[in-house]
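Grab a pencil and keep the structure open while you work.

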Amino acid sequence: MRVIFYLICIVTANVVTASLAPFHFGIFIVPMGTFFIGATFILRDLVQNKYGRKKTYGLIALALLLSAIVSASLGDTLLIVAASALSFLLSETADTEIYSRLKLPMAWRVFYSGIVGGILDSAVFVIIGLSPLGANILPWEAVPAAIIGQIIVKTVLQLIGASILSQLPAVRMREMA
C-alpha cells in the first residue's frame with residue numbers, strides 16, 4: 001500500500017502542477033504539485049523502512065519513469081521533463097541516503113532527510129527547469145522566491161509528517177526494539 005501511495009502521489013503532483021495555477025503567498029510562488037512532492041519524501045521513507053534501500057532504488061527508478069511519462073503526456077517540454085527527472089533523481093537519492101545513515105528516531109530521519117531532499121528538488125527544478133537558464137518561464141528576479149516558497153511548503157510538510165510519525169505507537173515501539 002505504501003508503494004501505491006508513493007507512486008500515486010508522484011503522478012498526482014505532475015497532474016496538479018499542470019492543471020492548476022501556482023499558489024502565491026506574499027512574494028513566494030509555489031506550484032500546487034509541491035504539496036504532493038513534499039509528501040513523497042515521507043512516503044518514500046516509509047517505503048524504504050519496509051522494503052529496504054535496494055528495493056527503494058528500484059521504486060525510485062519506476063517512479064522517475066512514471067513521472068517523466070506523465071509529465072510529457074501532459075504537454076511539458078523536454079527541458080521541463082528533464083529538469084523534473086534530474087531534480088527528482090537527486091532529491092530522492094539524497095533523501096534515501098540521509099535517511100539510511102542517520103542513527104536517530106524515525107521521525108527525525110524523515111524530517112532531516114526530507115528537508116535536504118526538498119531543498120535539492122526545489123533549487124534544481126527551478127534553476128534548470130523554470131529560470132532563464134532553462135525554459136525561461138521565470139525571470140531571474142523571481143527564482144529565489146520560487147525556490148524559497150517551495151522549500152517552505154516542503155519543510156512544513158516534513159514537520160507535519162515527522163510529528164505524526166512520532167506519535168504513532170507502532171513507530172515508537174519499533175525504535176525501542
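A residue is called buried when its relative accessible area is under 20%, exposed when it is over 50%, and partly exposed in between. Keep in mind that you're looking at a predicted model.

**Exercise 1. Sort by accessibility**

Decide whether Y112, W108, S71 and N136 are buried, partly exposed or exposed.

Solution, step by step:
- Start with Y112: its relative accessible area is 37%, so it is partly exposed.
- W108 has 44% relative accessibility, so it counts as partly exposed.
- S71 has 2%, which means it is buried.
- N136 has 52%, so it is exposed.

While you're at N136, find its place in the chain: the loop between α5 and α6. The phi angle of N136 is near 60°, a positive value in a residue other than glycine.

**Exercise 2. Classify two ring pairs**

There are six aromatic pairs in the structure. Work out what kind of pair F23 and F35 make, and what kind W108 and Y112 make.

Solution, step by step:
- What do you need to know? A pair of aromatic rings is described by the distance of the centres and the angle of the planes.
- For F23 and F35, the distance is 6.1 Å centre to centre and the planes are 70° apart, which makes this pair edge-to-face.
- Now look at where these two sit. F23 is in strand β1 (residues 23–25) and F35 is in helix α2, so the pair ties together parts that are twelve residues apart in sequence.
- Check their accessibility too: F23 is partly exposed at 36%, and F35 is partly exposed at 31%.
- For W108 and Y112, the ring centres are 5.5 Å apart and the planes are at 25°; planes under 30 degrees apart count as stacked, so this pair is stacked.
- Both W108 and Y112 belong to helix α5, and they are four residues apart, about one turn of the helix.

**Exercise 3. Follow the contacts of T96**

Say where T96 lies, whether it is buried or exposed, and which residues it touches.

Solution, step by step:
- T96 is in helix α4.
- Its relative accessible area is 0%, so T96 is buried.
- Skip neighbours within four places in sequence, and T96 is in contact with R44, Q48, R53, T56, Y57 and I60.
- Pick R44 from that list. R44 lies in helix α2, and at 1% relative accessibility R44 counts as buried.
- R44 in turn touches Y6, T56, I60, E92, D95, T96 and Y99, again without residues up to four places away in sequence.

**Exercise 4. Describe the largest pocket**

How much space lies in the largest pocket, and what lines it?

Solution, step by step:
- The space in the largest pocket is about 630 Å³.
- The lining has 29 residues, and the closest to the pocket's centre are T17, P31, I80, F125 and L130.
- Sort the lining by class: 16 residues are nonpolar, ten are polar and three are charged.
- Each of α1, α2, α3, α4, α5 and α6 supplies at least two lining residues.
- The largest share of the lining, five residues, is from α1.

Definitions and conventions
Residues are numbered from 1 along each chain as its sequence is written. This is a predicted model: local features need pLDDT of at least 70, side-chain atom pairs count only at pLDDT 80 or more; totals for chains, interfaces and linings use all residues. Side-chain values use heavy atoms; hydrogens and water are left out. On a 1 Å grid over the protein atoms alone, a cavity is a set of points where a 1.4 Å probe fits but cannot get out, and a pocket is an open set with protein on both sides within 12 Å along at least five of seven lines; lining residues have an atom within 4 Å of a point. Grid points are joined across faces, edges and corners, and a volume is the space filled by probe spheres set on the points. Ala, Val, Leu, Ile, Met, Phe, Trp, Tyr, Cys and Pro count as nonpolar, Asp, Glu, Lys and Arg as charged, and the others, Gly among them, as polar. Buried means under 20% relative accessible area, exposed over 50%, partly exposed in between (1.4 Å probe, protein chains only). Rings of Phe, Tyr and Trp (its six-membered ring) pair if their centres lie within 6.5 Å; planes under 30 degrees apart count as stacked, over 60 as edge-to-face and the rest as tilted. Contact means heavy atoms within 4.5 Å.
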